[in-house]
Amino acid sequence: MVDRAESASTPSVGFREPSRRDRKWKRAFVHAAIILGVGAAIGVVDAQLRPVKLNRTVGTFAIDELPEGLSGGERRPMANSDEPGTNPLTNAATSAASTASETTTSANPAAGAVVGSTPVLAAPDPASPKSAGGFQFTPKDKLPSGQITVIEAKRAFDSGQASFVDARTKANYELGHIPNSVRLELASFAEGEPAKLGLLPREMMVIIYCAGGHCDESERVAERLEGFGYSKIFIIHDGFPGWQAAGHAVEVGPEAFE
Amino acid sequence: MSSSASTASMDSTGSRCERTVTLSGVLSLVVRVALGGMFLIAAWTKLEPGVGPQNFADSVRAFKLGLPDWATRAATSITPWVEVVSGLLLILGIWVRGASFVVGALLVVFIALIASVLLRDLSVECGCFGKLSPFCPKKVGVCNLIQNGVMLAGAVYLLLAPKTGICGKCG
């Protein structure tokens, strides 16, 4: 009672002893600030040790955003068929459309471009351990961003709105590749811009593949292509082995564009 | 004088307290371990050697927030480590309110980002749990809002709970 009487008679100076509740919240805020500070400090160090690339375009948009037609798998007119001169592969396909080999199975812009090089289709090798029966296809939800399944690659192939790039060695390419793929390995970029980039329109989707699984040639080639202004790059996660195991068209022989 | 008042007095003075497991204490334990565990898993997928940081950076960019590069880099590198620190503290039961505050703030930001994606009708992958999608499809949708809302409710519970330890009398 005495304390209360004294406090009542004492003029208020605007100061109040923090209550236990106030102290609790103040402590929580301090702890939160420390947590943020520690996290930020470690994050800054980590960013120096493992810098990320912000100019890369691989995986910055979902497959759903791809041009209409890639989701349905139906055949569509070639993207640039009304713009002769812009796409050498398309032009070749257009000019050779009437004589295109029966082995070309789609409206791929590169279709028919290999006429004259005697394309040969190879059926999946049933004896191969990675052929249809034994191949473990990676499900979509297990893929890193920017990588696509064989099914999505096939849809893009059929739509005719994608260029395919084989990032493997020449020997492997000649043993079998996705029809009309342009072969571009990392070494192709050693002396600057490869002439073959003229075969790959920048406004179109570029789909790269290598030997699937843990091969990283596709990623390296993708980085180089980004450096040359390509913005829609995808990688077939299961690579050529997946494509082959799915039973899709395979072309054997040297590249027509070398 | 009630027993709860007596216990509060002992806690505030730091003297011996009763070790009684209470329902709210168990609930707090479950919530903070679950919340902390989810944040640790989410952080691991963003920090995973090799692809983690780059995939997370790609996810952040896919949200098309118009952030300058420095902000994107900061968000990409700092967020997972803040998740690690706060997740660990939640699981260990240390600085639970502070950690809950941080986790709650992160979740509010995540919810706002997801809502903005939905409002802009973007089709992007969440990146919330990296390659994993334990509760929702990878593509950002209402499910992600609900998931984060539930987690936010857990964080708010821990923030406001009178005691955050399993021992109800000894917060």
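Predicted model: local features only at pLDDT ≥ 70, side-chain atom pairs only at ≥ 80, totals over all residues.
In strand β6 of chain A, the residues A:Ile233 and A:Ile235 point one way, whereas A:Phe234 and A:Ile236 point the other way, and all of them are buried. In a regular strand, side chains alternate between the two faces of the sheet.

Strand β6 of chain A belongs to an open sheet of five strands, arranged in the order β2-β6-β5-β3-β4 and paired in the parallel sense. Strands of a sheet pair through backbone hydrogen bonds, either parallel or antiparallel. On one side, β6 of chain A, covering residues 233-236, is joined by three bridges to β5 of chain A, covering residues 205-209, and these two strands run parallel. Within β6(A), it is A:Ile233 that stands opposite A:Val206. β6(A) also pairs with β2(A), again in the parallel sense, over two bridges, and here A:Ile236 of β6(A) is the bridge partner of A:Ile148. The open sheet, with its strand order β2-β6-β5-β3-β4 in chain A, ends at β2 and β4 (182-183), each of which has a single partner strand, so one side of each of these edge strands is left without a neighbour in the sheet.

Helix α6 of chain A, made up of residues 217-227, lies across β3 (162-166), β5 and β6 of chain A, and runs at about 170 degrees to β6(A). Strand β3 of chain A contains A:Val165, a residue that counts as buried because 28 C-beta neighbours are found inside 10 Å. When residues up to four places away in sequence are not counted, A:Val165 touches A:Ser181, A:Val182, A:Leu184, A:Val206, A:Ile208 and A:Val221. One of these residues, A:Val182, is 17 residues apart from A:Val165 along the chain, and the C-alpha atoms of the two are separated by 4.8 Å.

A second residue of chain A, A:Phe137, is found in the loop between β1 (120-121) and β2 (147-148). A:Phe137 counts as partly exposed because it has 16 C-beta neighbours inside 10 Å. Not counting residues up to four places away in sequence, A:Phe137 touches A:Val150, A:Asp238 and A:Gly242. A separation of 9.7 Å is found between the C-alpha atoms of A:Phe137 and A:Pro241, which are 104 residues apart along the chain.

Taken as a whole, chain A has seven helices and seven strands, which follow one another along the sequence in the pattern α-α-α-β-β-α-β-α-β-β-α-β-α-β. Of its 258 residues, 41% count as buried, and among contacts in chain A with a separation of 6 or more, 70% are between residues 24 or more positions apart. Chain B, by contrast, has six helices and zero strands. Buried residues make up 41% of the 171 residues in chain B, and residues 24 or more positions apart account for 71% of the contacts in this chain with a separation of 6 or more.

Two packed helices are described by the angle between their axes and the distance between the axes. In chain B, the axes of α2(B) and α3(B) come within 5 Å and cross at roughly 100 degrees, and these two helices are therefore roughly perpendicular to each other. At this crossing, B:Thr45, B:Lys46 and B:Leu47 in α2(B) meet B:Gly52, B:Pro53 and B:Phe56 in α3(B). Sorted by class, the residues of this contact are three nonpolar, two polar and one charged.

The largest nonpolar core has 39 residues, and those with the most contacts inside it are A:Ile35, B:Leu35, B:Val82, B:Ala99, B:Val102 and B:Val103. At least two residues of this core are supplied by each of α2 (20-49) of chain A and α2 (23-47), α3 (52-62), α4 (69-92), α5 (96-119) and α6 (142-160) of chain B, with the largest share, ten residues, coming from α5(B). Leaving aside neighbours within four places in sequence, A:Ile35 is in contact with B:Val82, B:Val85, B:Ser86, B:Leu89, B:Gly98, B:Ala99 and B:Val102. Another core, of 33 residues, lies apart from this one, and among its residues are A:Cys210, A:Ala222, A:Ile233 and A:Phe240.

Terms used:
Residues numbered from 1 in each chain as written. Chains lettered and ligands numbered in written order. Helix = DSSP H or I, 4+ residues; strand = E, 2+ residues; numbered from the N terminus. Buried ≥ 20, exposed ≤ 12 C-beta atoms within 10 Å, placed from the backbone. Contact = placed C-beta atoms within 7 Å. Core = buried A, V, L, I, M, F, W, Y, C linked by C-beta atoms within 7 Å. Pairing = 2+ DSSP bridges. Axes fitted to C-alpha atoms, helices over the stretch in contact; angles between N-to-C directions. Parallel < 35°, antiparallel > 145°, perpendicular 65-115°, else oblique. Nonpolar A, V, L, I, M, F, W, Y, C, P; charged D, E, K, R; others polar.
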